[in-house]
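Please read them alongside the structure.

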Amino acid sequence: MEIEMISFGKIAEFINNQKIEVDGIADTNAFKQYLENQFPALKDMKYKLALNKNIVQENTEITNNATIAIMPPFSGG
């Protein structure tokens, strides 16, 4: 499965935008576990995921060629 990762803000300092080829990641919970294993700094941060431009509110299935944005907390303004 190919996933494009896009990161923003402080998270972009240690995760470059990239395409990854991974197997065994079927949903966003598994993807978060993968991220935190690859980038331990995320374990201590609050962040949100957006799957194909939709903010993830609950565990969601990931399909091949998905785009996932990893975003730090933000406030309106």
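**Core, helix and salt bridge**

1. The largest nonpolar core comprises 19 residues, and those with the most contacts inside it are Ile3, Met5, Phe31 and Leu35; such a core is a set of buried Ala, Val, Leu, Ile, Met, Phe, Trp, Tyr and Cys residues joined through side-chain atoms within 4.5 Å. At least two of its residues come from each of E1, H1, E3 and E5, and E5 gives the largest share, three residues.

2. This is a predicted model, in which local features need pLDDT of at least 70 and side-chain atom pairs count only at pLDDT 80 or more, whereas totals for chains, interfaces and linings use all residues. Residues are numbered from 1 along each chain as its sequence is written, and side-chain values use heavy atoms, with hydrogens and water left out.

3. Within helix H1 (residues 28–38), Thr28, Phe31, Leu35 and Glu36 are buried, that is, under 20% relative accessible area with a 1.4 Å probe and protein chains only. The buried residues of H1 fall within an arc of 135° when seen down its axis, so they line one face of the helix. They pack against strands E1 (2–7), E2 (18–21), E3 (48–51) and E5 (66–71).

4. Leaving aside residues up to four places away in sequence, Phe31 touches Ile3, Met5, Ile20, Ile25, Leu49, Ile62 and Ile68, where contact means heavy atoms within 4.5 Å.

5. The side chains of Glu2 and Lys19 form a salt bridge (3.7 Å, N to O), the term requiring a side-chain nitrogen of Lys or Arg within 4 Å of a carboxyl oxygen of Asp or Glu. This pair links distant parts of the chain, with Glu2 in strand E1 and Lys19 in strand E2, 17 residues apart.

Key
Buried < 20%, exposed > 50% of the residue type's maximum accessible area, 1.4 Å probe, protein only. Helix = DSSP H or I, 4+ residues; strand = E, 2+ residues; numbered from the N terminus. Arc of directions from axis to C-beta.
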